[in-house]
Each structure stands twice: as structure tokens, then as C-alpha cells.
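Please look through the sequence and the structure shown below.

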Amino acid sequence: MTAEHQIAFFLRELETGDTWRRAAAAKGLGRLGTAAHAAVLVRAAADPSPEVREGAAVGLGRLGVAAGMAETLCTLMDDDDPWVRRQASLASRRLGLRDREVVDAYARLLSDPDYHLRINALDALRELGVPGDVPALVRLLGDPAYSVWGRARAMIWEFRNDPDIEAELVRTAQWGADDARAHALWMLPDHHVDRLLVSLLGYLTEDTPTEVRRVVASRLARTGRPEAQDALFTALEAEQDPAVASQLLFLLARSGDERLLAQASRWLGHERAGPSAATALGSVDGKVAARLLRALLTDPATAPRTLAAAATAYGGMGRWDAVWLLLPLLDHAAPEVHEGAVRGLDAMADDGFRPWERGAVARALVARLQVDHTLVGVVQRVLTGLSEALSGLRELLDRTTSPLVRSAALSLLDPHNATDADTPHDLPLFVRHLDDADIWVRKVAAEGIAHWVEETGTLPPGEEGLRDRLTALDEDPSDFVREAAAEALRALDDRRNN
């Protein structure tokens, strides 16, 4: 059947077919018809059957005739049937209609009960570069569907300099529905937070919805105002919700205020708020905080997340017994406790470990490198500079199958980080890994050779063969490896010339 025959068939079906045949004919006519058939589809858009009106909307979008279509499609976007509204909104976008009445129709769809239509309206208005109905747009911050409120938030951010948008955000932040209010508070410009400070302080009470209280607390903490901090402490003292208490403790931990001692102590035993309470104690420091954290670290009943936070906090305090309390936690059954202990040791590493602690820390953390690859970077920081770790790293390098661990171990053997009596014999370890499959291992190996030459002040045996190996890395696909190999060759040249 030719296109002309098909068009003629669709035209007959639109006149005499049943509901479903008329609907199918309208869609087909949109695909094969010409501008001359636009009037036929406009008439079909007034069909008493919603299925046909939907088909007409699809057909108009496919036909591609934009002129004069605004009135028909706007009428369909106000149709009682959601499927008709949906297809009409898609057709209008497809035709690129920008008439004032089209913008108004999209604006009305921002409040449509069908979330697909709310999405269509948001996308269309964003394409048109207008916010549409500002109150309806800001209300969508409280929409239950992320695909809706996420788009609304992006649009509001895009139009944030529009005075109407800004005014509606302020109004919603003060009096809007709970979910929309919380998002509006997050998006509120800082100068409005200062202006509304008194009102916001009042929102910290238990009468305010939980999510709103949490957002208000975060915004108040960012102001740095003494009255805001005092209000947060007052709220924490009265707080009964563990989630809100956890957030308040986290926000106030930065203050190091001694008022945290009493409030943190109150929540240490709670599984949800305990970690934030332990972190807050670490920021306060002092004998009382140390005693409370020590009790957590030695109590078998301490919840894992709280134990992990306590370990990190106690390490940050750098107490005399911290190493001996943290090392046993590396064997704890809960992974989060391992991490807390490692991070606690990391917090101590900047000040350096005492001579009698160094060997124990080195042995324990070299063993951890193979166990938890997610913490390799942290363990590497702690081990940097610990010559006591070098013998264990040499052994580990020969047996590990992890490129990440090989890279870390080679980096720690780099004589720029630490040396021992066996450092002059490490060169073959670096040379062997110039051919490693992992680019970062090759890079670290080449850097290690350069630093070995500088540190030992000697030319390696088999220098010419090593030069050939390094020169071959000029063809390496990684810039980092090529640069490291060039550095090693320069080190060899400098040593030969000196």
C-alpha cells in the first residue's frame, strides 16, 4: 500500500472507525500526513473519546506543523484525561511552541496530579527559560518523587536571581509545607539566614518537624554567630530524637566547647547518636573526655560504629596509651572498627610515634595492607617514615597480588620516605617492577630507582642494562610513567657526571 493509499485509509477511519481505530488513524496520519492534514487532526482533538484525543495529540506532534497549534494543544493540556494531557505536553515540546498561552499551560501542569506531567512541565519550562508559576514551582520542592523535586531544585537554582523566586523561597522556608520547607531552607541565600535568624532559632524546638529542625541546625551552624551556637546547645539539651541529636553533636563538635561533655555523655550509649557523641568528645579533649572515650574503647558492649568513632577521636587526642588501645581493635570483627582504629593511628602519625611504639605500629599495619584494600592510602600515610616497617614491606611485596598494595609497598620502600641497613639492596625490587602490568606500580618503581641513586650516591650494577629498561619506558602509554623514567635517567646521569 502506497503512502497515499494509507493516508486515504486513515482519513476514512477517522470518519467511520470505532474509538480505537480512530485513535490509531490519528497517530498514523501524523506519521504519514502533510501540513494539509493538520486541520483533520485538530478536528480529531475535539473527539468525545479521550483515546482519540490522545491519538490526535500524538499525531500533531508527529506531523511537525507548529503554526496555529498552540490553542489546540493548550486545550488538550487542560483535558480531563491524564493521558491526553501527557501526549499534548509532549507534542507541544516536540513542536517547540513558545506562545504565552503554552507557557501558561505548562505552568498549570506544575500542579498536575500526574507526576509524569509535572516532569514534562518542568522540562518544557526549563527549555523555554522561564520558571512558569513560581509558587507552584517552589512547592514542588516537597514533591514525593525525586525525579520531580530534583528537577524543581535545579530550576530554582537556575533562576535563583529572579526576585519572585527568591521571595517565594523565603516564604516557603518560613511557612511552607514540611518537605518543601526543608529544601527551601537549604537553598535560602545566606543573607536571608541572617535576616531570619530570630525566626530560625525558634524552629529548633520539638514542635518543628524533624527534617526542618535538622536543616535549620545546619544553616545556623554555618553562620558562626554566638547566639546561634548557644541556641544549638539549648536545642541539644532538650533534644529527644537520636537523629537530630546526632546532627547537633556533629555540628557542635567543631566548637570544642566544654558544654559538649555533658550532652555527649548522654548519647554515648545510643547506637544512632553514639558515634557523633564520641567524635564530639574528641574535639573537647581534656581528662574527662579522655576518660569517657577510654571507657568506650575498653567496653566489649560498645556498639561498633561508636567504637570506631571513639578510636578515631582518641587517636586524635594523642594520649599516652592510645597506640596500645587502638592496635587490638585492628583485629575486631567489625570492618568499621578496623577503619576507626587505622584513622586514629593516622591522626597520631603527624606528631610521630614514640620510639617504643614504632615497631608495634609498623608490624600491625603492614599486616593490614593485605587485609583491607580500601584503607591502603591511610595505612600508607601512617607507615611513611617508619623504618621499622621496611622489612615487612619487602616480604609483602613478593607475595601480594594486589597492584594497589604493590604500589604502596614500593612507595614506602622509596628511600625518600625511610631507610634502613637493607636499603642499598632494594634496587632489584624497583627494577623488577618496571614491567608491572599496573601503571602506578611502574611509576613508583621508576621513582624509587631515581631516589635510590640519589640516596645511596652510587651507580647501580648493570647500569647500562637499567638505562635500556628505563629508556624503553619512553613508549609507555602513561605520561606519569614516562616522566618518572626520565627522572630516573637524569638521576643516573647526574651521578655519573659527579
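Two rings of Phe, Tyr or Trp, the six-membered ring being used for Trp, count as a pair if their centres lie within 6.5 Å; planes under 30 degrees apart make the pair stacked, planes over 60 make it edge-to-face, and the rest are tilted. The model shown here is a predicted one. By this definition, the structure contains 2 aromatic pairs.

Tryptophan 440 lies in helix α29 (residues 439-456) and phenylalanine 480 in helix α31 (residues 479-497), so the pair ties together parts that are 40 residues apart in sequence. Tryptophan 440 is partly exposed, at 40% relative accessibility, and phenylalanine 480 is likewise partly exposed, at 44%.

Tryptophan 440 leads on to a contact between helices. The axes of helix α27 (residues 403-413) and α29 come within 9 Å and cross at roughly 10°. Because of this angle, α27 is roughly parallel to α29. On the side of α27, the residues in contact are Pro403, Arg406, Ser407, Leu410 and Ser411, and they meet Trp440, Val441, Val444 and Ala445 of α29. Sorted by class, this contact of α27 with α29 comprises 6 nonpolar, 2 polar and 1 charged residues.

The axes of helix α12 (residues 178-187) and helix α15 (residues 210-223) come within 9 Å, crossing at roughly 10°. The two helices, α12 and α15, are therefore roughly parallel to each other. Here Asp178, Arg181, Ala182, Leu185, Trp186 and Met187 from α12 meet Glu211, Val212, Val215, Val216, Ser218, Arg219 and Arg222 from α15. The contact of α12 with α15 divides into 7 nonpolar, 1 polar and 5 charged residues.

Arginine 181, one of the α12 residues in that contact, also lies over the face of tyrosine 203, at 4.4 Å from the ring centre. A further arginine, arginine 86, lies over the face of tryptophan 83, at 4.3 Å from the ring centre.

Which residues of helix α7 (residues 100-109) are buried? They are Val102, Val103, Ala105, Tyr106, Ala107 and Leu109. The elements that cover these buried residues of α7 include α5 (70-77), α6 (82-95) and α8 (115-128). Within helix α5 lies threonine 72, which is itself buried, with a relative accessible area of 13%. Leaving aside residues up to four places away in sequence, threonine 72 touches Val42, Ala45 and Leu60.

Is glutamate 258 buried or exposed? At 63% relative accessibility, glutamate 258 counts as exposed. Glutamate 258 is found in the loop between α17 (242-253) and α18 (260-267). From C-alpha to C-alpha, glutamate 258 and valine 382 are 30 Å apart in space, and they are 124 residues apart in sequence.

Notes. Residues numbered from 1 in each chain as written. Predicted model: local features only at pLDDT ≥ 70, side-chain atom pairs only at ≥ 80, totals over all residues. Heavy atoms only, no water. Helix = DSSP H or I, 4+ residues; strand = E, 2+ residues; numbered from the N terminus. Buried < 20%, exposed > 50% of the residue type's maximum accessible area, 1.4 Å probe, protein only. Lys NZ or Arg CZ within 6 Å of the ring centre and 35° of its normal. Axes fitted to C-alpha atoms, helices over the stretch in contact; angles between N-to-C directions. Parallel < 35°, antiparallel > 145°, perpendicular 65-115°, else oblique. Contact = heavy atoms within 4.5 Å. Nonpolar A, V, L, I, M, F, W, Y, C, P; charged D, E, K, R; others polar.
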